[in-house]
Amino acid sequence: MKLAIVILNWNGAAMLRRFLPSVVASLEPDCEVIVADNGSTDDSLALLEQAFPTVRRIALPENYGFAEGYNRALAQVEAQYFLLLNSDVRVEVGWLRPLLNYMDTHPECAACQPKLLSERDPSMFEYAGACGGYIDWYGYPFCRGRVFSTVERDAHQYDTIVRILWATGAALLIRRADWEAVGGLDGRFFAHMEEIDLCWRLRTRGRDVVCVPQSCAFHVGGGTLAQGNPHKTFLNFRNNLLLLYKNLPARQLRRVLVVRFFLDYLAAIKFLMGGSLGEATAVWRARREFHRIRHQFRPEREANLRLATTQAIPEIMSGSLLVAYYLKGRKTFAQLVSDKHT
């Protein structure tokens, strides 16, 4: 099998009913669609059996989260390429061909993503991945087409194929060989930031990650945990600190963690002043949890640093995104590039 499109589902029967037909209709030769069910308690499995009998099903016994759910599902899949696809993504016929063509002709590339547009307003980029992901010096993620809460309209300004730091987990195509070489996703993340960690490991080991915007997918977003959910805030802050711990060299890590101490508590104060006590508490809990468990990630940190062939990754912004965005008014990726911050 050349390509396996694997959709991880958890209580998403409504999304499967709405979006799975477009995925099935878009299949290329020597491709299959698999739905890996993460211990759903709704009628997802019954729906698949009745309405989508040609779609292969992998039934996991419990909800392992995004990261470990995919690890367990893909261990049961044989294909040259894996495509991790969210259940709330609509696609069109032909969307796979630019991705596969690029991967087939660029063996140095480990993973890629399509242009990700909003299903609610297809003229806009979608928050979760837009046209490819980056981070700044302190670990704050942003995209071509989305910087913090500023989401751009797609005017084809980012239609070139470029190297990125991370590809969105909403539609991530990766070579099976590269997936296995770096050990897949870190299941301890559960959800959020795991694709950044995966792609960062690939980049430091000399493998490319790119966005191929000639392919488009349309994402609803926020289907599992919406913005403003304290548990999502907890996972984002904790996992962001963990991915920095796992991947940054020692001298840089010390400086970054000192700055992040102040920035994280500044974010907590901002949440509190905005009336979001739950999110403010989530930031404090995330930092406490990071310090409690980070020793568990020391073996992976040491392995990542030992296996790295480069630490100079141009897709990591050399300065502070917060300074560029809030103090200098650089609200778009193009403005960040013109300001020579990337």
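**Exercise 1. Find where His156 sits and how open it is to solvent.**

His156 is exposed, with a relative accessible area of 54%; here buried means under 20% relative accessible area, exposed over 50%, and partly exposed in between (1.4 Å probe, protein chains only). This is a predicted model, in which local features need pLDDT of at least 70 and side-chain atom pairs count only at pLDDT 80 or more, while totals for chains, interfaces and linings use all residues. Residues are numbered from 1 along each chain as its sequence is written, and side-chain values use heavy atoms, with hydrogens and water left out.

Step 1: His156 belongs to the loop between strand 10 (150-151) and strand 11 (162-163). Helices (H or I, at least four residues) and strands (E, at least two) are DSSP runs, numbered from the N terminus.

Step 2: check the backbone. Phi of His156 is near 65°, a positive value in a residue other than glycine. Most residues other than glycine have a negative phi.

Step 3: look at another histidine. His192 also is not a glycine, and its phi is positive, about 80°. His192 is found in the loop between helix 5 (176-181) and helix 6 (194-204).

**Exercise 2. Trace salt bridges that link separate parts of the chain.**

Step 1: A salt bridge is a side-chain nitrogen of Lys or Arg within 4 Å of a carboxyl oxygen of Asp or Glu. By this rule the count comes to 24 salt bridges.

Step 2: start with Lys2. Its side chain meets that of Asp104 in a salt bridge (3.0 Å, N to O). Asp104 lies in helix 4 (residues 96-105) and Lys2 in the segment before strand 1 (3-9), so the pair ties together parts that are 102 residues apart in sequence. Lys2 is buried at 18% relative accessible area, whereas Asp104 is partly exposed at 36%.

Step 3: move to Arg163. Arg163 and Asp208 form a salt bridge (3.1 Å, N to O). Because Arg163 lies in strand 11 and Asp208 in strand 13 (residues 208-219), the pair ties together parts that are 45 residues apart in sequence. Arg163 is partly exposed at 39% relative accessibility, while Asp208 is buried at 12%.

Step 4: finish with Arg188. Its salt bridge with Glu300 has the closest N and O atoms 3.4 Å apart. Arg188 lies in the loop between helix 5 and helix 6 and Glu300 in helix 10 (residues 298-307), so parts that are 112 residues apart in sequence are tied together. Salt bridges that share partners join Asp186, Arg188, Asp197, Arg201, Lys246 and Glu300 into one network.

**Exercise 3. Describe a nonpolar surface patch.**

Step 1: name the members. Val258, Phe261 and Phe262 make a nonpolar surface patch of about 310 Å². Patches are made of residues with over 30% relative accessible area and no salt bridge: like charges are joined within 9 Å, nonpolar side chains (Val, Leu, Ile, Met, Phe, Trp, Tyr) within 5 Å. Accessible areas come from the Shrake-Rupley method with a 1.4 Å probe; for residues, only the protein chains shown count as cover.

Step 2: pick one member. Phe261 lies in helix 8 (residues 250-273), and Phe261 is partly exposed, with a relative accessible area of 40%.
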